[in-house]
Amino acid sequence: MVDSARRVPQLDGIRGTAILLVIIWHFIVVPLKQGPHDSISRIIAHVGVLTWSGVDLFFVLSGFLIGGILLDARESPNYFRTFYVRRAFRILPIYLLLVVSYLMVWGIAAGHQIFLRETLGVPMPRWIYLTFTQNFWLAHHSWDSVYLGLTWSLAVEEQFYLLLPTVIRIVPRQSLLPVAVILALSSALSRCFLYLHYGPTWGPAAYTLISSRADALMLGVICAVVLRDPNWKAALTRNRWAIYVSLAVFGLGVAIFTYKRWSMGTVPMCTLGFTCLALFYGSVLMVAMISPQGLLSRTFQASSLMWLGTIAYGLYLFHEMPLVVLFRIFLHRSPALTNWLDGVIALSALLIALAIARLSWKYFESRLVRLGHRFTYGGRTPTCSPAPLSAAPASTAFDISRESS
């Protein structure tokens, strides 16, 4: 069985890989698309055409970690309260700080909002941020110049948190695997049907709605259920080749999508592509867990990836802000890599984002996580200091946030 109280270092590295992919997309691929279309830029942009799917890796990892935590605590008398209190302490403080502070600045700057509009963007309606319904709003509105538009994925996570605890609590353990499979298939099939029926107008919704993206989240839950079943885990351990075959097959699918440049908004991606990505990332996760001493797992245990995984939540929330602000201040335009000066500005923005994320985790987020862990699933509140974070497995956001049991 998987012990949710044991730290699994490769999961930190997987989360670090997810945020690294997102950074590559925003700091390299997108700016290169805005710059001159020379051969080197085209090659890099082509190879990185799917790096936005770091969010999909977050989804799979979140389903695995959150699903595992809930599975291990499903008989707890404080099951719901502890889960939601811990999630609140992890996700809400830094999120509300970014939202409320910007809304205040936006209100104070009424009539002088041009710079804010051109850099950080226009806020969505306040109730959208407070109800975590950004994904529904963005499914029907333009993404251009929207403040914290990337929190659509956080909204998907929050909606997932509302549904999954009840499913795991009420469904008999022996039925959890087939139920999870049915939910994943239902999500994929509904996305295919709606996109093929309504056409490209369904594209943003196919990308953002929980009903369309639950296949990735539920695939992570499936992995958690399988690794907690002694028979399934023993069978997979004896037949590791099957997981490697899965990794190769869906990896080939990802390679084809990359070669064909079937990215967001295309028919192949909005139908089967998202599921193919989820299955590939699920295979990566299973290989890392089943073969902890294997090459892939040891790669994820690289100190740099684990460090990125530690600060991933904060880094995801505000990594774009220094980029757009510095480009607007120094070059009066959106980020684009056209010469060495653009590269220097982009690198400076990245270093600033990394520094802020590190400071946020060390002096703000980690302390609130410890406070949240004073609430236990066992039914009592410890009088001593809470368990150290190093004793807990990584979690994600998107889930890029960090959770320990």
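Predicted model: local features only at pLDDT ≥ 70, side-chain atom pairs only at ≥ 80, totals over all residues.
Is Thr 310 buried or exposed? Its relative accessibility is 17%, and the cut-off for buried is under 20%, so Thr 310 counts as buried. Its side chain reaches back to the backbone oxygen of Met 306, at 3.0 Å.

The buried residues of α16 are Leu 305, Met 306, Leu 308, Gly 309 and Thr 310. What covers them? The cover includes α1 (9-34), α15 (295-300), α17 (312-318) and α19 (340-372).

Next, Asp 56, in helix α3, residues 54-73. Asp 56 counts as buried because its relative accessibility is 1%. Which side chain does the Asp 56 side chain make a polar contact with? That partner is the side chain of Arg 213, at 2.2 Å. Setting aside neighbours within four places in sequence, Asp 56 is in contact with Arg 213, Phe 274, Leu 277 and Tyr 281.

Last, the surface. There is a nonpolar patch of about 500 Å², made by Leu 96, Val 100, Met 104, Ile 108 and Leu 130. Helix α4, residues 79-108, gives the most to this patch, with four residues. As a reminder, an α-helix has 3.6 residues a turn, so residues three or four places apart point the same way. Leu 130 is found in helix α6, residues 126-131. Leu 130 has 56% relative accessibility, and exposed means over 50%, so Leu 130 counts as exposed.

That's what I have; questions are welcome.

How values were computed
Residues numbered from 1 in each chain as written. Heavy atoms only, no water. Patch = residues over 30% accessible without salt bridge, like charges linked within 9 Å, V, L, I, M, F, W, Y side chains within 5 Å. Areas by Shrake-Rupley, 256 points an atom, 1.4 Å probe, with all protein chains shown as cover. Salt bridge = Lys/Arg side-chain N within 4 Å of Asp/Glu carboxyl O. Helix = DSSP H or I, 4+ residues; strand = E, 2+ residues; numbered from the N terminus. Buried < 20%, exposed > 50% of the residue type's maximum accessible area, 1.4 Å probe, protein only. Polar contact = N/O pair within 3.5 Å; in protein donor to acceptor, adjacent residues only side chain to side chain. Contact = heavy atoms within 4.5 Å.
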